[in-house]
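Subject: Model for you to look at

Hello,

Here is the structure I said I would pass on. My notes on it follow below.

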2 protein chains.
Amino acid sequence: MSGPTGTPGPARAATIVDVARAAGVSRQTVTRAVNDMAGISAATRERVLAAARELNYHPSRFGRGLVKPSARTLGLLVGDLTNPYYADLASTVLRLAADRGWNVVMAEPGSVADLVGGADAVVGFTGLALDRPGPGAPNLPVVEIDPPRVQPGHGRVELERATATGDAVRHLLGRGVRRPVVMDLPGSTSRGRAFTAAFRAAGVEPVAAPREAGWADLRDLDPDALVAFNDLDGFRLLRDLARDGVGVPERVKVVGVDGLAVGEFVTPRLSTLAIDLAEVARAALDLVVELSERRAGDPVRVVPHRFVARDST
Amino acid sequence: MSGPTGTPGPARAATIVDVARAAGVSRQTVTRAVNDMAGISAATRERVLAAARELNYHPSRFGRGLVKPSARTLGLLVGDLTNPYYADLASTVLRLAADRGWNVVMAEPGSVADLVGGADAVVGFTGLALDRPGPGAPNLPVVEIDPPRVQPGHGRVELERATATGDAVRHLLGRGVRRPVVMDLPGSTSRGRAFTAAFRAAGVEPVAAPREAGWADLRDLDPDALVAFNDLDGFRLLRDLARDGVGVPERVKVVGVDGLAVGEFVTPRLSTLAIDLAEVARAALDLVVELSERRAGDPVRVVPHRFVARDST
DNA sequence: CTGAAAGCGCTTACAG
DNA sequence: CTGAAAGCGCTTACAG
C-alpha cells in the first residue's frame with residue numbers, strides 16, 4: 001500500500017540500498033562507512049552515516065552472515081533458569097561455547113520461540129519440550145541431556161544415578177531409616193524410581209508421595225526420611241520442618257537431588273545427590289561438535305552423580 | 001586443495017546444490033523434500049533425504065533467513081548466571097521475549113562470542129563489558145540496565161536505590177546501629193555510595209571494607225552491622241558468623257542487596273534491598289522494541305528497589 | 001576515493 | 001510432480 005516510489009512503506013525495515021539512495025552513493029560505499037573500512041573520504045562517511053541514522057538502518061544479520069564467516073550458534077534448551085541447577089549448567093555452556101567461538105541462543109520450555117530456526121545445533125533437556133522433529137523438519141545436530149528415551153541419531157549425555165542413589169540409601173539405612181518417603185512427579189521419573197529400587201533392594205518399602213507435598217501432608221505417615229524431588233524442594237521442606245519444630249536430622253532426615261551450591265548455606269546444610277554440571281556441559285558440547293562435523297552413530301557420554309552427605313541426614 | 005570436481009573438499013559444509021547434485025534433482029526439489037512440502041513424490045523425497053543425510057547437510061540459517069520471515073534475535077548480556085539475580089532476570093527476559101516472538105542469544109561478560117553480530121538488538125548490563133561500540137560498528141539498538149554512565153542514543157533502565165537505602169539505614173539506626181561497615185568493590189559502586197551517603201546524612205560514619213572481606217577481617221572493627229555487596233556475599237557472611245558463634249541479629253546485623261528468593265531459606269533469613277526483576281525485564285524489552293521501531297530520543301525507565309526486612313536485622 | 005559485477009544459500013512464484 | 005528464473009541483503013574482489 002505504499003506509494004509508487006519514494007514513499008517509504010511503514011513496515012519494511014531500511015536496507016543498504018535505501019541508505020545508498022538516500023545518501024546518493026553506491027551500496028559498497030555504504031558498506032565501507034557502516035563497517036568503518038578504509039578507502040572512503042571522511043565527508044562521504046559522515047553523509048552515509050547520517051542517512052543510516054535517519055533511516056534507522058541496521059544491517060541484516062542474514063545478508064551479512066551469508067557472505068562472511070560468522071560465529072556458529074548453539075541452541076540451548078534448559079528448564080526454568082530460576083532453578084540454579086539449570087542456571088549453573090547454562091553458565092558453563094555459555095563459557096565453553098564462547099571458547100569455541102559459538103554463540104548461544106537459549107530457551108526455556110514454553111518459551112521456545114524459534115530455537116530450531118535460530119541455531120546450527122541444539123543441546124539440552126529435550127525431555128522438557130522439543131517434540132516436533134518431524135520427518136523433514138530442519139534436522140540439526142541434537143544432543144539430549146538426561147533424555148527420557150533414546151532418539152536415534154541424537155547424541156545424549158546420560159546422568160547416571162544408580163551408584164550415588166545406592167550410596168545415599170546405604171547412608172540412610174545405616175542411620176536407622178526404616179520409613180522413608182520418596183517424592184516424585186505423577187508419572188514417576190528416573191530419580192524417584194532409582195531411590196525406590198534401592199530401598200527395596202535393602203528390604204525397605206518406601207512410601208511414594210507427590211513432589212509438592214508438605215510436612216502437613218506427610219506427618220501422619222510418621223516418616224523418618226524424606227527424599228525430595230530436588231534441592232529446591234528440599235529447602236522448602238527444611239523450612240516447613242523448622243517452622244513446625246521437627247528436628248532435622250534427629251527426627252526426620254532430608255535428602256535433595258541436584259547438588260546446588262546454596263545447599264551449603266541453608267540450615268541444616270542439605271545432603272544431596274550432586275552432579276558435576278561443568279562435566280555435563282563439556283560432554284554435551286563435545287558431542288555436538290562431533291555431530292556437526294562428522295555424522296557419528298549414536299554418541300553417548302555418561303556422567304555420574306555422587307552422594308554428598310551434609311547435615312540434614 | 002580439493003579435487004577438480006566431485007572430490008568434496010573436507011572443510012566446506014554441504015550446501016543445497018551439493019545435495020541436489022548428489023540426488024540428481026534441482027535445488028527446489030531439495031527444498032521440498034527437506035522442508036516437508038507438498039508436490040513431490042515419495043520416492044524422490046526419500047532419495048533426496050538420503051543424499052542430505054549422507055552429506056550431513058544442514059540448511060544455512062542465513063540463506064533461509066534472508067528469504068523468509070524469521071524470529072528476531074535479542075542479545076542479552078548478563079553477569080555470572082551462577083548468581084540467581086542474573087538468572088532470574090534472564091528467565092523473565094526469555095519468557096517475555098518469546099511472547100513477542102524473539103529469540104534470545106545470551107552472553108556473560110568474558111564470554112561474549114559475537115553477541116553483536118548475532119543479534120538484532122542488545123539488552124543488558126553493559127557496564128560489565130561491551131566497550132566496543134566503535135564509530136561504525138554494527139549499530140544496533142541497545143538498552144543498558146543499571147549503566148555506570150549514560151550513553152547517548154542508548155535506552156536505559158535505571159535501578160533506583162536512594163529510597164530503599166534510606167529505609168534500610170533508618171531501620172538499622174532504629175535498632176541501635178552505630179558502627180556499620182559498608183562492603184563494596186575497589187572503585188566503589190552506586191550501591192556502596194548510596195549506603196554511605198544515607199548513613200552520613202544521619203550523622204553516622206560507616207567504615208568501608210572490601211567486598212570479599214570475611215568476619216576475621218572485620219572483627220577488630222567491632223561493627224554492629226554489615227552491609228554486604230550482594231545477597232550471595234551476605235549468605236557467606238551469615239555462614240561465617242554462625243561458625244564463629246556471633247549472634248545475628250543480636251550482636252551484628254546483616255543486610256544484603258538483590259532480593260534473592262533463596263534469602264528466605266537461609267538462617268537467619270536475610271534482610272535485603274530487593275528489586276522486581278520482572279519489572280526490570282519488562283521495561284528493558286519495551287525500550288528495545290521502541291528503539292528498534294522508531295528511533296526514540298534517550299528513552300529511560302526507572303525501577304525502584306525496596307527494603308525487605310527479614311530476620312538478619 | 002568510488003562504483004558495476006558477481007555470488008553467498010536459500011525460497012517463492014511461475015512454467016511446464 | 002519437477003525445474004529455470006528471480007531475488008532476499010550483504011560483502012568481496014576488481015576496475016576505474
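**DNA strand C and the two chains**

Of the atoms of DNA strand C that lie within 4 Å of the protein, 53% belong to sugar or phosphate, and the rest belong to bases. Please keep in mind that this is a predicted model.

On the protein side, 26 residues surround DNA strand C. The closest are Gln28(A), Arg32(A) and Thr44(A) from chain A, with Ile16(B) and Arg27(B) from chain B. By class, this surface has nine nonpolar, 12 polar and five charged residues.

- Base oxygen: a polar side-chain atom of Arg32(A) lies 2.6 Å from one in DNA strand C.
- Base nitrogen: one in DNA strand C is 3.3 Å from an N or O atom in the side chain of Arg27(A).
- Phosphate oxygen: a polar side-chain atom of Thr44(A) is 2.6 Å from one in DNA strand C.

The elements that give two or more residues to the surface near DNA strand C are α2 (27–34) and α4 (61–67) of chain A, together with α2 (27–34) and α4 (61–67) of chain B.

Next, the relation between the chains. Chain A superposes on chain B by a rotation of 180 degrees with 0.0 Å of shift along its axis, at an RMSD of 0.0 Å. The two copies are therefore related as by a two-fold rotation axis. In chain A, the C-alpha nearest that axis is the one of Val105(A), 1.9 Å away. Both copies use the same surface: 100% of the contact residues of chain A recur in chain B.

Regards

Key. Residues numbered from 1 in each chain as written. Chains lettered and ligands numbered in written order. Predicted model: local features only at pLDDT ≥ 70, side-chain atom pairs only at ≥ 80, totals over all residues. Heavy atoms only, no water. Near = heavy atom within 4 Å. Polar contact = N/O pair within 3.5 Å; in protein donor to acceptor, adjacent residues only side chain to side chain. Helix = DSSP H or I, 4+ residues; strand = E, 2+ residues; numbered from the N terminus. Nonpolar A, V, L, I, M, F, W, Y, C, P; charged D, E, K, R; others polar. Least-squares fit on C-alpha atoms with pLDDT ≥ 70 in both. Contact = heavy atoms within 4.5 Å.
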